[in-house]
Amino acid sequence: MLNFSHQVRTKFVFEKGAESQVGKELQKLGVKRVLLHRTDGVHLRDLIRNIKENLEVHDIFCCELGGVKPNPRLEVVRKGVKIVRDKDIDFILAVGGGSVIDSAKAIAAGALYEGDVWDLFINKSSIQDALKTGVVLSYPAAGSESSNVTVINNTYTNQKLLVSSEYLTPAVVFMNPELTYTLPKRLVAAGIVDIFSHICERYFAPETYIGIIDRMEEAALKTLVSIGAKALDNPEEYQYRSELMWLATIAQNDTLGVGRIPDWGTHVIANELSALYDKTHGETLSVIMIPWMRYVYKNDIHRFARYAREVFDVTSKQDIEAQALEGIRKTEEFFRELNMPISINELDIPILDVQKLAGQVQYDKHTGTIGKFAVLDKRDVVNILNDAAKC
C-alpha cells in the first residue's frame, strides 16, 4: 500500500427529510448569505421552495442561480462568480447532482480569485482559497458531494477540464434518498455506470492486491451489479436508492481508493467525448469502458480474472484468460441490463471524428500519455475509440 493522506471534510446528513435541516446546519457554520445554485426543472420546484423557506426561518439571505446543464458550463460559473461578488455571498448551496455541484465548487473558487476562473483549470494559477459549499443531493452519480474535484466544460474551446483542491470539498451534504424517486430511469442508469466506473478506475491500478481495499471495491461493484436493475425497476424502494446514494459518495471521495494511484484512462477519454459532442457523462463512460477493458486486460490478466470471479461469480472457466474475458463480457451484459449504450454508434453522433477526438484528450504534458494501470498514447486512444465505434 502506498503512503497516503486522506481526510473527508464533509458532514453527511443522511435521512428522510434531510433537506429540512439545511437552515440549522448552515446557521451552525455561521452562514449569513447563500447563493442557492440549482438545476432547472419543475421536479425540483417544491424542494427549492422548501429550502428557501427553511433558510428564511433561520434568518439566512438567499438568492438563486439556475441554468446548469449536464457537462457544467463555464459561462454559468462566470455568472455565479459575479453574483457572489455583487451580493456579498458567503456560502454556496448546490441543489441537484454532479453538474450543479461541480459548478458551485468552481464558483466558490473563482469568487476568491482575482483573475478569470478558467485560469484555475488551465494551470495558469492555482486555488488558494474558496468559499464554503454545501449540497442537497437529488441525483447520486458523480460523487462530487464530498470530493475535492470540479469538472467544467468550456464550450468556446471544446475542453472539459478538472481541477482538484482541498478547498473544494463541500462542508455539508444533505442526503435524502426519497429525492431520487422521480428521476428519469435513463438518468439513474447513467449514474450507476458513473459510480461503477469510479470504482473500476481505482480497482484497475498499478498498486494491486491491497487486501482490505480490494475487498471493499469488489463488494461495492458486486452490490451495484446486484441492485442496479432493481433500483431502476423499483424507483420508490428506499433500500435500493439509499445504497446507490451512499455508493456514489464513497466511490469518489477516496474511501475506496486509498493506498494506490487510480488509472482514470476511461474517464479522460469519455470526458472529451462528452465535451465535443455534448453527451451524458455516464453514457460516454459505458461506451468507452468495455473497449478500454478489451484493450488493456493483458496488462494484468490475473487482475481481470479476479474481477470476473469476485464481482460476477465467474467460476465455470478454468483458463485464466477465459475468466478475464468473461468478466469483460459480463460487464457489457450489466450495462445492457441497465439499457446503457455500449457503442459510440448508439450515441446519435452524426459524424464521429476519431482523430480530432483523440487529439482533444488531455494527455500528460511531459509524457504525452494517459492512464496508470495501462499507459496509453494517442495511437492507443485512437484504437480504443475505433473499437468503441464498431461495437
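Tutor: What follows concerns helix packing, aromatic rings and some individual residues, all in a predicted model.

Student: How do α3 and α4 cross?
Tutor: Helix α3, residues 74-87, and helix α4, residues 98-110, have axes that come within 8 Å and cross at roughly 50°. The crossing of α3 past α4 is right-handed.

Student: Which residues make the contact?
Tutor: From α3 they are Val76, Val77, Gly80, Val81, Val84 and Arg85, and from α4 they are Ser103, Ala106, Ile107 and Gly110. By class, the contact of α3 with α4 divides into 6 nonpolar, 3 polar and 1 charged.

Student: And what angle is there between α8 and α9?
Tutor: Helix α8 (residues 265-277) and helix α9 (residues 281-296) pack at about 135°, and their axes are 8 Å apart. The two helices, α8 and α9, are therefore oblique to each other. As for handedness, α8 passes α9 in a right-handed crossing.

Student: Which side chains are involved there, by residue name?
Tutor: On α8 they are Thr266, His267, Ile269, Ala270, Asn271, Leu273 and Ser274. They meet His281, Thr284, Leu285, Val287, Ile288, Met289 and Trp292 of α9. The contact of α8 with α9 has 8 nonpolar and 6 polar residues, and no charged residues.

Student: Changing topic: how many aromatic pairs are there?
Tutor: The search of the whole structure finds 17 aromatic pairs. One of them joins Tyr203 and Phe204, with ring centres 5.1 Å apart. Their planes are at 85°, over the 60 degrees required, so this pair is edge-to-face.

Student: Are those two buried or exposed?
Tutor: Tyr203 is buried, at a relative accessible area of 0%. Phe204 is buried too, with a relative accessible area of 0%.

Student: What is the geometry of the pair between Phe204 and Tyr307?
Tutor: Phe204 and Tyr307 form an edge-to-face pair, at 5.2 Å centre to centre and with 65° between the planes. This pair links distant parts of the chain, since its members are 103 residues apart. Phe204 is in the loop between α5 (185-203) and α6 (211-233), whereas Tyr307 is in helix α10 (residues 301-312). Tyr307 is buried, with a relative accessible area of 0%.

Student: Which residues do ring pairs link into a cluster?
Tutor: The cluster consists of Tyr203, Phe204, Trp292, Phe304, Tyr307, Phe312 and Phe373.

Student: Next, charged residues. Is Glu217 buried or exposed?
Tutor: Glu217 counts as buried, because its relative accessibility is 0% and the cut-off is under 20%. Its place is in helix α6. Leaving aside neighbours within four places in sequence, Glu217 is in contact with Ile199, Arg202, Tyr203, Leu256, Gly257, Arg260 and Arg303.

Student: What about Glu326, and where is it found?
Tutor: Glu326 is found in helix α11, residues 320-337. At a relative accessible area of 15%, Glu326 is buried, since this value is under 20%. Glu326 touches Val314 and Lys317, not counting residues up to four places away in sequence.

Student: What is phi for Asp254?
Tutor: The phi of Asp254 is positive as well, near 75°. Asp254 is in the loop between α7 (238-252) and α8. It is partly exposed, with a relative accessible area of 29%.

Student: Last one: where is Ile122?
Tutor: Ile122 is in the loop between α4 and β5 (132-137). Ile122 is partly exposed, with a relative accessible area of 39%. In sequence, Ile122 and Leu161 are 39 residues apart, and their C-alpha atoms are 7.8 Å apart in space.

Notes:
Residues are numbered from 1 along each chain as its sequence is written. This is a predicted model: local features need pLDDT of at least 70, side-chain atom pairs count only at pLDDT 80 or more; totals for chains, interfaces and linings use all residues. Side-chain values use heavy atoms; hydrogens and water are left out. Axes are lines fitted to C-alpha atoms, for helices over the stretch in contact, and angles run from 0 to 180 degrees between N-to-C directions. Helices (H or I, at least four residues) and strands (E, at least two) are DSSP runs, numbered from the N terminus. A crossing is left-handed if the near helix is turned anticlockwise from the far one by less than a right angle, and right-handed if clockwise. Contact means heavy atoms within 4.5 Å. Ala, Val, Leu, Ile, Met, Phe, Trp, Tyr, Cys and Pro count as nonpolar, Asp, Glu, Lys and Arg as charged, and the others, Gly among them, as polar. Rings of Phe, Tyr and Trp (its six-membered ring) pair if their centres lie within 6.5 Å; planes under 30 degrees apart count as stacked, over 60 as edge-to-face and the rest as tilted. Buried means under 20% relative accessible area, exposed over 50%, partly exposed in between (1.4 Å probe, protein chains only). Angles under 35 degrees count as roughly parallel, over 145 as roughly antiparallel, 65 to 115 as roughly perpendicular and the rest as oblique.
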